[in-house]
Each structure stands twice: as structure tokens, then as C-alpha cells.
Amino acid sequence: MNILSNLLSGVTNPSNPSRPKKKRRRIEIKSEREIEIMRQAATIVATVLKEISEMVEPGMSTADLDTYAEKRIRQMGATPSFKGYYGFPGSICSCLNHEVVHGIPSAKKVICSGDVLKVDTGAYYQGFHGDSCITIPIEEVKPEASQLIRVANETLYKGIEQVKAGKYLLDIAGAIEDHAQTYGYSVVEDYTGHGVGRNLHEDPSVFNFRTRELPNVKLRAGMTLAIEPILNAGTKFTRTLSDRWTVVTVDNSLSAQFEHTVLVTTDGYEILTDRAKV
């Protein structure tokens, strides 16, 4: 698996010794000024994803969405976080159906009715990043796809509800894993969430499953986290295609993902990429 592509969605499961580990960095606590800039970066991301969710329709290509996202991010005074990141060619990651993460936008990937479309994007604004992902049902999808999308979104919020200064990453992970397993879905373990701020990917690794392989960090007010559970209808296992970026489920089962940039506060959390606010 290409370790560079792993950096687009945090670290991989370190229990596999064949996968290099990232160098650990100090966890940053943002100041009020930095948080305000991050709110603006996150608002740009939320705006772009909301607009894409409203405009996408069958017959469009994922390249069309990428062109639109880059244009809108730049119009709002930011630059696309993903474009050129370790050589990634797009401003969005776009994944269809059994594609899990890091899908490269392409004019050859035409969106059809019934598809499950994942769009992940980031914006770099005045020195800070915002990062978010949504899964969009294209027109009428099958009931099993609709349920997977709904539950994936619910797992994100189950995790976010655990965010508060003094809580731990395992509180987030446990809430996500428990809700996914209630419906018989698997949580992808190869990719995690992450800290976000001056860098697109910072410590800590925000895992979505119970593990002792990653540090169970205590949350502090001022931390900013990208929480991003990925649920598969079948097995949790994935593989990377020959383009060295696009990750798919090994059994071709559907996959869904949601992500928010979240601020840890003394008494809870603030969702910085909340699309309901734009």
C-alpha cells in the first residue's frame, strides 16, 4: 500500500509492521485567534460540500465536481488542501460505491442514478486547514445503500458526542464502533482521523475502533480534530488500486464515510465544518 496516500486520511493501523509509522509531533492547542481562522477555513469547506450535494446529478463526472470545488475554494480566498499533497492531483477525493478513500477525480468516472458518492475536501486559509467529507446518495439508491449512508452519518455524531475536555480518544472510538456493529457494519481500520490545523494531518490519530496500538490521548480544550469514520457493508479490509491512490473494499461491498473538523471545548465541542450553518 502506498504510504503517501495513507496521509490523506491519517495513519494506517500500526499493528501491521509492513506499514511505516509517521513521526510523532507535539499535539497543538490552538489559540482563540487560530480557532477563529480555522472557523473560516472550515466554513469554506462546509460551503463547498453543501453546494456540491445540491448540484450533483447523474451524467456529471467526478472531474466536474473537482473543477467546481477548486474554483469555489479559490473564490473564497483559500487554496485546496489536497491538490498536490504528496502528488495527489485533485482538489477533492471522490469515491463511488465500493471505493473507500482517495479516489482520483476523473472525466471517465460518470455519476449514475443509484450511486453512493463520497466527496472529501479541504481548504487552506491564512495558514490553517479545514477538512470534511460527505456521502451523497444519487437520486434513488437501494435500501441497503440508504441505510449504510444513514448509519455512517450517525456514527460520526455518536463519536462527536463524546468530545469534551477530559475525555479520551477511546471514548470516541468506542461510540463509533458500537453503533456501527449494532447494524452489522465493519469499521475500516486501515485509515483513521487526525488532528488538523497548521498541517492538514497532525497528531493525534483519531481512531474509530477500540485498539491499544495507538495512543489513547486525553482531550484538551483547543484541540482540533478531524473525526472521520468509514463504514463498509461487508469486510473491513481494503486494497489499493494500480493508480496508487484509490482504495476499495476487497469484497466490492459498499462503503460510506462522513467527516467533520471538530473543536474540543471545556464543556463539549464545536463542529467547525457544520453545513447547517452555511
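## Charges

Let's start with charge: the chain carries 33 positive and 34 negative side chains, and the centres of the two sets lie 6 Å apart. Here Lys and Arg count as positive and Asp and Glu as negative, while His and the chain ends are not counted. Each charge is placed at NZ of Lys, CZ of Arg, CG of Asp or CD of Glu.

## What you're looking at

This is a predicted model, where local features need pLDDT of at least 70, side-chain atom pairs count only at pLDDT 80 or more, and totals for chains, interfaces and linings use all residues. Residues are numbered from 1 along each chain as its sequence is written, and side-chain values use heavy atoms, with hydrogens and water left out.

## Helix H3

The chain has five helices and 15 strands; these are DSSP runs (helices H or I, at least four residues; strands E, at least two), numbered from the N terminus. How many of the residues in H3 are buried, and which ones? They are Thr62, Ala63, Leu65, Asp66, Ala69, Glu70, Arg72 and Ile73. Buried means under 20% relative accessible area, with a 1.4 Å probe and protein chains only. These residues pack against helix H2 (32-55) and strands E1 (79-80), E2 (92-96) and E4 (116-125). After H3 comes Gly77, with a positive phi near 85°.

## Thr155

Over in helix H4 (residues 143-160) sits Thr155, which counts as buried because its relative accessibility is 0%. Beyond its neighbours within four places in sequence, Thr155 is in contact (heavy atoms within 4.5 Å) with Ile176, His179, Ala180, Pro229 and Leu231.

Note on methods:
Buried < 20%, exposed > 50% of the residue type's maximum accessible area, 1.4 Å probe, protein only.
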